Amino acid sequence: MAEEIERDENVVLLGEEVGQFNGSYKVSEGLLEKFGPKRIVDTPISEAGFIGMGVGSSMLGMRPIMELMFWSFYSVAFDQILNNAANVRYMSGGLINCPIVIRGPANGGTNVGATHSHTPENVLANHPGVKVVVPATPYDAKGLLKSAIRDNDPVFFLENTMLYGEKGEVPDGEYLIPLGKADVKREGTDLTIVTYGRCVLHSLKAAEVLEKEHEISVEVVDLRSIRPLDIDTVLASVAKTHRVLIVEEQKPFCSIATQIAYMIQHEAFDELDAPIKRLSTVDAPAIYSPPIEIEQLPNPARVIKAALEVMA
Amino acid sequence: MSTKTKAKPTTATTDYAAAAINQKLTKEQKLELYRTMMRIRRFEERSIRAYQAKKIGGFLHVYIGQEAIATGCCSLMGKHDHVITAYRDHGHALAVGMGMNELMAELFGKATGCSKGKGGSMHYFAPDRNYWGGHGIVGGQVPLGTGLAYAIKYKGLKGAAMAFLGDGAVNQGAVHEAYNLAALWQLPIVFVIENNGYSMGTSQSRSSAGELAKRAEGYNMAWASVDAHDVYAVRAVMDEHLNRAREKCEPTIVELRTYRYRGHSVADPDNTYRTKAEIEEYRRTKDPIQFFQDRLLAEKVLTDDTVKSIDKAARAEAESAIEFAEASPWPTVEDIQRDVYWETDHPAERTSSGRLFFD
């Protein structure tokens, strides 16, 4: 973010506690000191107001990065995000652009209960006009966020508090990862796991066990971007392995996996040696109870179990 | 933080014509104000007939009775002033200078419409005229207007945003969030409440506690409230508060009391919540066009002949817009997926890959 704020004077960061507090999860640590209060703006707890304000300012040529402390709070700004940001280009016949980035964490697993654990990537991606990105690694997060900020369409960037502590190699300076390009995080020949976000890490851990203990060679495809969607990389992997497990931190009904499964069966039916399986969050509001929440979400053990079912 | 500003008490005897902003109007500028109001009315009357002839789909929220507001406010716009409003947006569109042809064609859903037939009645836009819509959700445009003001201030421009809302919108949460942000950050904006007395079919007394503009006091904002059938009054009051925004970066809430003659939309039979006598009383005593016509006749700016010729020209222009809309092509099925993403409309400059549309 700092590089993009430096690069373009129209880029600003607004959100709750992004300045003085250094960010609720320290994502914006040091930015206020570096760029000052004109570029790093603390907002009141007022998501509909400040997100709408960001949308309005983007129509006049600004490129605001709006932080939601939790994506779960999108529901109080739903009209601004999905009526205004998503539709204004269309309803104006292409006269108005909305180059806004809305970012923040969207995940369960932190024992904060149902109100704070939403993963709305399916709800967001259901709206033509928007782009939805869910990075899994620090390297990807930087390259994708830079692309998102420079994008002329509204981009919703869903992070994960459980990944903020992950360490990984991040080069200094300029590199961009284009939106809509999946990444094969591990190559394999027997089973394709299609996934994104934190479930990429679960899937990689599961793949190691599957290799060592079950001699199953797993390919892990990290979508990185939900819309645009790189289905070609998925289909190429399916053509290689012929078996598919989709892992997502999503409630199953009308989820991302549902969409991917439809596309695979539609476009690669003859490649499949087994029915497509999906592993989702157990279908209930997010439970608080800490040890049980782990079991509600995808985790390496659940991924292994699901993978073995696909291979059976 | 601004010093608290009390509302200007408005009385029936205030002579707004004497305000400096009105004193400096030339004869031609006065005629232009009158012409704009007449064009709004004739455009909308003609659009109602087209709706009844089933040429227009969906809703049609007409502005008839409120013409002095959009006309007066938009006549004050400078280069860095911006406008946003809700779904009763035809008047503002004509007042910022959009043409009847593109507006009527939009109502007809034709490709030559201002939004290529993709927006309809509630979604007119003209960013080249600093007109940012045309928004369908009650109050949803007010945070966007606050964003326009934020961008004006961020860029260091001397301008103001006008965010129009109805008396029904004042109870929406997003509106209050916008009030707070504008006051907290001292943004150059005037929130213009067009109070026509009814939020759809619910009268003000049945929907809103207290005085509408006075809610500004809770945010330490200036406010004003005035009868808005007199375009001179609209200009005088708005000039003061627009200048406060432009010069001191301070927000204001201005309530402009008005009336609509027609139902909330064409879908409102308008026979349950008010009497015909009430409508007739307003029309007889406060019709904004008749009021200004009488004034300009007294000022000898208008004559009986020019009244007739302006009316005739406005009717002819509306009729010609109907012909234009009728003759225009529909959008194509391929057009459905155009203007969704900037990137897919500019394939040579696309930086992302992957699928953006699904079937």
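## Contact between the chains

In this predicted model, 43 residues of chain A are in contact with 40 residues of chain B. On the side of chain A that touches chain B, the elements giving two or more residues are helix H3 (47–59), helix H4 (78–91) and strand E10 (225–227). Helix H3(A) gives the most to this side, with 10 residues.

Sorted by class, the side of chain A that touches chain B has 18 nonpolar, 19 polar and six charged residues.

## Overall form of chain A

Chain A has 11 helices and 12 strands. Its radius of gyration is 19 Å, close to the 20 Å that the globule rule gives for 312 residues, so chain A is as compact as a globular protein of that length. Along the principal axes, the C-alpha atoms of chain A fill a box of roughly 60 × 45 × 40 Å.

Of the 312 residues in chain A, 56% are buried. Taking the contacts in chain A between residues at least 6 apart in sequence, 77% join residues at least 24 apart.

## The nonpolar core

The largest nonpolar core has 196 residues, and Ala307(A) and Val254(B) are those with the most contacts inside it. Helix H9 (residues 231–248) of chain B gives the most to this core, with nine residues. In chain A, domain 1 (2–163) and domain 2 (183–311) both give residues to the core, so it lies between them.

Which residues is Ala307(A) in contact with, leaving aside its neighbours within four places in sequence? They are Leu191(A), Ala206(A), Leu210(A), Ile216(A), Val218(A) and Leu245(A).

Key. Residues numbered from 1 in each chain as written. Chains lettered and ligands numbered in written order. Predicted model: local features only at pLDDT ≥ 70, side-chain atom pairs only at ≥ 80, totals over all residues. Contact = placed C-beta atoms within 7 Å. Helix = DSSP H or I, 4+ residues; strand = E, 2+ residues; numbered from the N terminus. Nonpolar A, V, L, I, M, F, W, Y, C, P; charged D, E, K, R; others polar. Rg over C-alpha atoms; globule rule 2.2 N^0.38 Å. Buried ≥ 20, exposed ≤ 12 C-beta atoms within 10 Å, placed from the backbone. Core = buried A, V, L, I, M, F, W, Y, C linked by C-beta atoms within 7 Å. Domains from an automatic or database assignment.
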